[in-house]
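Please read them with the structure open.

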Amino acid sequence: MRRTVGLVLALVLMATCAAYGAQPVNIGAMGAITGGSAISGEQASQGLALAEEDINAAGGVLGRPVKIIMEDSKGLPTGGVTAARKLIFQDNVVGIIGCHQSTVVMAIEPLARQEGVILMAKGSADMITQAGNPWVVRVREYDTLASFAKIQHAVEQGYTKFAIFHNTDQFGEGGRQNLIDALAKFGLEPVTVEAHNTGDKDFTAQLLNIRRADPEVLVVWTHGDEHALICRQVSQLIPDVQYYGSMAVSQWSSIQMAEGTSEGVLSTSPYSYLNPDPDVQVFAERHEKRFGRKPETFTVLYYDSAMMLAEAIRRAGTADDRDKVLAELKKIKGWKGVSGIEYSFDETGEAFNQIFIIKIENQVPVIIDKVTVK
Amino acid sequence: MAELAIVLQQIVAGLALGSIYGLVALGYNFIFNAVGIVNLAQGDFVMLGGYIYGGTLTLLLGLPFLPALILTAVAMAIFGIVSQRIVYYPLRDAHPRMVMLSTIALGIFLKNISLIAWGTYPVSVPGLFGQRGLRIAGVSILYQYIFILVCVIILLAVQQFFFRKTTLGKSMRAVAQDRLAAMLMGIDAYKVIAITFAYSSTLAAIGGVLLAPVFMVSQVLANVGLKGFAACVIGGWGDITGAVIGGLVVGLVEVFSASYISSVYKDAIVFAILIGFLIFRPQGILGRATEESL
Amino acid sequence: MALLSSRQATKYFGGLCAVDNLDLTVNEGEIFALIGPNGSGKTTFTNLATGMMAPTSGHVEFQGTIVSGQRPHAITQMGLVRTFQNLRIFSSLTVLEHVTLGHFCRTTTGVWSNILRTKQVKEEEEEIRARAEEVLDFLGLLDKKNWLAKNLPYGQQRLLEIARALATEPKLIILDEPAAGMTMQESNDLIHLIRSIRDRGITVFLIDHKMRLVMNVSERIAVLNFGRKIAEGTPKEIQENPDVIEAYLGKGRRTA
C-alpha cells in the first residue's frame with residue numbers, strides 16, 4: 001500500500017515537472033513602455049499577459065510552459081536594439097513580437113536575420129516586409145493598405161478635395177507619401193499638406209492653414225495623443241470638414257481623450273471592440289474585467305501573434321529549430337484572431353489583407369465597412 | 001474677411017498659449033529671485049500639479065473643480081517646501097550649478113514617479129468648460145482660454161499687491177536681493193525661501209490645472225517648462241512683468257512661425273530666438289538688470 | 001553689567017588664526033570700540049558674534065546666552081544687530097521699506113495672517129510705519145522716505161544702514177567702520193549720532209580705525225593685533241600704550 005502511494009506521488013510529481021518544472025519556452029516581445037509612445041507598450045503587455053495565461057492553461061507547448069518576456073524599446077531604435085540583444089542572447093527566445101514602431105523594427109531587423117530569430121513586426125511602414133528579410137513577418141495592417149482603404153472609401157462618398165495633416169516621424173512621413181500615392185490612383189491631389197511633431201499640443205497654426213485651403217476631407221496620420229488633441233481643435237476651428245484618422249483615433253482611450261469631439265470621425269483599423277463577432281466580444285469582456293478598460297488594437301494584435309507563434313511551435317514539434325517554426329508560421333492561413341481579422345500569411349510575410357472602416361458614433365467605434373484587397 | 005478671422009484666431013491661440021508660458025515663467029522667476037538658481041524641474045512641477053488635479057482629485061476622487069483646485073494648490077505648496085528642503089537646502093552654500101543639477105534630477109524623478117503613479121495614458125479632464133467655446137465672426141475661442149487669461153491677470157494683480165504692500169512680500173524682495181543682509185535684519189531667510197518655493201510650486205500647480213483641460217496631462221506636459229524658460233530669457237531673468245511679456249511673445253512667435261514659416265520647426269524658431277536673446281540681449285526685452293527686477 | 005562677552009573665542013581659516021583666544025566684555029550702556037590694523041581680526045570677530053561664522057573654539061555670549069553658531073536672524077531677534085563695512089542695502093526697496101523691514105522681526109503675526117491680511121496685521125503694519133518714521137526722523141532721512149535706496153548719496157546710504165539696524169530695536173549695535181567713505185562733515189555728525197544712539201539706551205560696539213573718531217567717541221577701547229587682544233582701556237590709556245603704538249606704527253615685532 002505504502003509503495004503504491006509512493007509510486008503515484010512520484011508519477012504525479014514527474015508529470016508536473018514535465019509540464020511546469022521543465023525549461024520554459026521563451027517568447028520575446030517589445031514595445032515602448034516608457035517614452036513618447038508609452039501607451040502602446042502598456043496595451044501590448046496586457047495582451048501578452050492574457051496570451052501567456054491562455055497558452056499555459058492549454059498545457060503550454062511541447063509539454064513545456066511558455067514564458068513571454070516583454071522588454072522596453074522606449075520607442076527608440078537604440079532602445080530596441082538593446083532590448084533585442086537581451087532577448088536573443090540572454091533569453092534565447094524563439095521569436096520577438098514587436099516593436100510597434102517601424103523605426104525600431106528596421107533597426108532590429110538585421111539582428112533577427114543574422115541570428116535567425118523570428119520577428120513578428122508591429123510597425124506599419126511598407127518597407128518592413130520589403131527588406132527581403134525572410135525572418136520578418138508582419139501582424140498588422142500596412143500603411144498602403146490603410147491609406148488606400150481610406151481614400152477609396154472617401155472617393156466613394158463623392159469627396160474630391162483632400163487635405164493631409166501628418167506627423168513628422170517616419171510613421172507620419174510614410175503615411176503622407178502613401179496617401180498622396182493613393183489619391184493619385186484616383187487622379188487626385190491634396191489641396192494642402194501640413195505637418196506636426198510628436199508631443200505638440202497646439203495645432204492652431206496648421207489647422208488654420210488647412211482651413212484656408214478649404215478642403216472637404218481632412219486625413220490625419222498620427223498617434224493617439226495627438227489625434228485626441230487634433231480632434232478637439234478641429235471641432236473648434238474647422239467643424240465642417242470630414243475627418244479621416246489613422247487607426248489610433250478609433251481607440252477607446254483616444255475617444256475618451258477627445259471628449260466628444262471625435263464624433264463622426266472615420267478611420268481604418270484592424271480592430272473595434274464593438275465588432276459583434278463572438279470571439280472579439282469574449283476577449284473584450286475578459287480584458288475589461290481584468291484591466292478596467294477595453295482592449296486596444298495593439299492588445300489584440302500582440303495577443304494573436306503570441307497565440308500564432310505558440311501554434312507554429314506546436315506544429316513544428318520543436319522550439320529550438322527556428323527555421324522549422326518559421327516555416328510552420330508562414331503556413332498559417334485563415335487563422336481567426338480575437339481582433340476579428342482572419343490572418344493569412346503570404347509569401348512576403350504579410351498577415352493582413354483586410355481592414356475595417358470605422359466610424360465613431362455616440363462615442364463608440366462602429367464598424368461600417370470592411371475593405372479587402374486582392 | 002475670412003483671412004482676418006484666421007489672423008484673429010492665430011492671435012487668440014498665441015495669447016492663450018503665451019499666458020500659460022508666462023505663468024510658468026513666473027514660477028521660475030520667484031525661485032531665481034529668492035536663491036539665484038533656475039529650478040529646471042519647474043515644467044515637471046506643472047505636470048505634477050496637472051496629475052494631482054486631474055488624475056487623483058478629479059478622476060479618482062470625483063471632486064468638483066474648486067475643491068480640487070484648492071487641494072492641488074495646497075498639496076503643491078507642501079511639495080514645494082519639501083523639495084526645497086531636499087534639493088536646495090543641503091546645497092545652499094554650494095555653487096548654484098550644483099543646485100540646478102539637483103533640480104534636473106528632481107525633474108527626472110518626478111517624470112518617472114508620475115509614470116508609476118498615473119500610468120502612460122494621458123489624463124483627460126473636462127475642467128469647468130470642457131471643449132465648449134465662443135464663436136464670434138468666424139473666430140472660435142474656448143472658454144477655457146478666456147479663463148486662463150483671466151486667471152493669469154488676477155494672479156499678476158494679487159502678486160503685485162503682495163510684493164509692494166505686505167511685509168512678507170517685502171521681506172521676500174529683501175531676501176532676493178541680499179540674503180545675508182536680510183538675515184541680519186532679523187528676517188528668517190530660509191523660512192522666506194521655503195515660502196518662495198511653496199508659492200512657485202503653487203503657480204506651477206495652477207498652470208497644470210489650467211492646462212489639463214486643453215492639453216491633457218501626460219509626461220509631455222513637462223515640456224511647457226522649456227517654453228517658460230524661453231519666456232524668462234526673453235523677458236529678462238527675474239523680471240516679473242518681463243516674464244509675462246516673454247510668455248506672450250513666445251506664444252505668438254510659436255503660432256505665427258508655425259503658420260507662415262514652418263510648423264515643423266516652430267520650436268526650433270522659438271529656441272533660435274532664445275539663443276539670439278542670450279547672445280545679444282541677455283538682460284531681456286525690457287532691459288532691466290535682474291537685481292532691480294522685483 | 002556685561003552685555004556681550006567672548007570667552008576664548010578662536011577662529012582658524014585653514015592654518016591661519018584670525019581670532020586667537022579672544023576675551024572681550026562689552027558693558028551695557030557704554031560705547032565700546034574695537035580697533036586694530038587691517039587684518040587684525042575685527043571683522044572676523046563681528047562675524048562670530050552675529051552668527052555669520054561659527055568659532056573654531058570658544059564662544060560669544062550675549063545677555064548670558066551663547067550666540068556664536070546660532071542663525072543670524074535669531075541673533076538679531078535677541079537684540080544684537082550689525083551694520084556692514086561694505087554697504088549692503090537693498091537697492092530697489094525704498095528708504096521707508098528698509099526700515100519697516102527692520103521692524104519685521106518684532107512682529108507677532110504669522111505667515112498665514114500676513115497672506116490673509118487680517119485686521120491685526122493691518123494694525124501692526126500701521127504701528128510699524130509710525131515707528132519707522134520716527135527712526136528715519138532720528139537719522140534725518142524722513143524727507144527722503146519714498147526714495148529708492150540706490151538713489152541716496154553715499155553718506156546717507158550709510159545712515160540708512162544704521163536706521164535699518166536701529167529698526168530691529170536692538171540692545172547692542174555693532175557699527176563696522178561706519179565712517180568709511182564719509183566726508184569730514186558727515187564724519188563729525190556721526191560722532192553726535194553715535195552718542196545719541198547710546199542715549200536711546202542702545203549699547204554701541206564700534207569698529208573703526210579712524211583714530212580721531214574712535215578716540216573722540218568711545219569710552220573703552222580694545223586693540224587687536226594678529227587676532228590677539230594687545231591692550232584694553234580708556235582712550236587715554238590706549239594712546240599711551242607702547243604696544244599699541246608699536247602695532248600701529250609697525251616698529252618691528254613686539255617682543256613677547
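1. The model is a predicted one: local features need pLDDT of at least 70, side-chain atom pairs count only at pLDDT 80 or more, and totals for chains, interfaces and linings use all residues. Residues are numbered from 1 along each chain as its sequence is written, and chains are lettered from A and ligands numbered from 1 in the order in which they are written.

2. H9(B) covers residues 224–235. Helices here are DSSP runs of H or I with at least four residues, strands are runs of E with at least two, and both are numbered from the N terminus. The expected span of a helix is 1.5 Å times one less than its number of residues. For the 12 residues of H9(B) that gives 16 Å, and the end C-alpha atoms are 16 Å apart, which agrees.

3. Is H9(B) mostly covered or mostly uncovered? Of its 12 residues, 11 are buried. Buried means that 20 or more other C-beta atoms lie within 10 Å of the residue's own, exposed means 12 or fewer, and partly exposed is in between, with C-beta atoms placed from the backbone. Among the buried residues are Val224(B), Lys227(B), Phe229(B), Cys232(B) and Ile234(B). The buried residues of H9(B) pack against H1, H2 (42–60), H8 (189–215), H10 and H11 (266–280) of chain B.

4. Chain B as a whole has 11 helices and 2 strands, in the sequence pattern α-α-α-α-β-β-α-α-α-α-α-α-α. The radius of gyration is taken over C-alpha atoms, and the globule rule is 2.2 Å times the number of residues to the power 0.38. A compact globule of 294 residues would have a value near 19 Å, and chain B has 19 Å, which agrees. The C-alpha atoms of chain B fill a box of roughly 65 × 50 × 35 Å along the principal axes. Buried residues make up 57% of chain B. Two residues are in contact if their C-beta atoms, placed from the backbone, lie within 7 Å. Of the contacts in chain B with a separation of 6 or more, 74% are between residues 24 or more positions apart.

5. The contact between chains A and B takes 27 residues from chain B and 32 residues from chain A. On the chain B side, H1 (2–35), strand E2 (139–142) and H10 (240–260) each supply at least two residues. H1(B) gives the most, with 5 residues. This side of chain B divides into 14 nonpolar, 13 polar and no charged residues. Nonpolar here means Ala, Val, Leu, Ile, Met, Phe, Trp, Tyr, Cys and Pro; Asp, Glu, Lys and Arg count as charged, and the others, Gly among them, as polar.

6. Which part of chain C gives the largest share of the side that touches chain B? In this interface 27 residues of chain C are in contact with 22 residues of chain B. Contributors of at least two residues each are H2 (72–78), strand E6 (80–82), H3 (95–104) and H4 (111–116) of chain C. H3(C) has the largest share, 5 residues. The chain C side divides into 10 nonpolar, 11 polar and 6 charged residues.

7. Chain C comes to 10 helices and 10 strands. Its radius of gyration is 19 Å, close to the 18 Å from the globule rule for 256 residues, so chain C is as compact as a globular protein of that length. The C-alpha trace of chain C spans about 65 × 40 × 35 Å along its principal axes, and 43% of its residues are buried.

8. Chain A contains an open sheet of 5 strands with parallel pairing, in the order E2-E1-E3-E4-E5. Strands pair if DSSP finds at least two bridges between them. E2 (66–72) and E5 (136–138) of chain A are at the edges, each with a single partner strand, so one side of each is left without a neighbour in the sheet. E3(A) and E4(A) pair over 3 bridges, with Gly95(A) opposite Ile118(A).

9. Elsewhere in chain A, E13 (354–361) pairs in the antiparallel sense with E10 (266–269) over 4 bridges, and with E14 (364–372) over 8 bridges. Ser267(A) stands opposite Ile358(A), and Ile360(A) has Pro365(A) as its bridge partner. E13(A) and E14(A) form a hairpin with 2 residues between them, and Asn362(A) in the turn has a positive phi of about 50 degrees.
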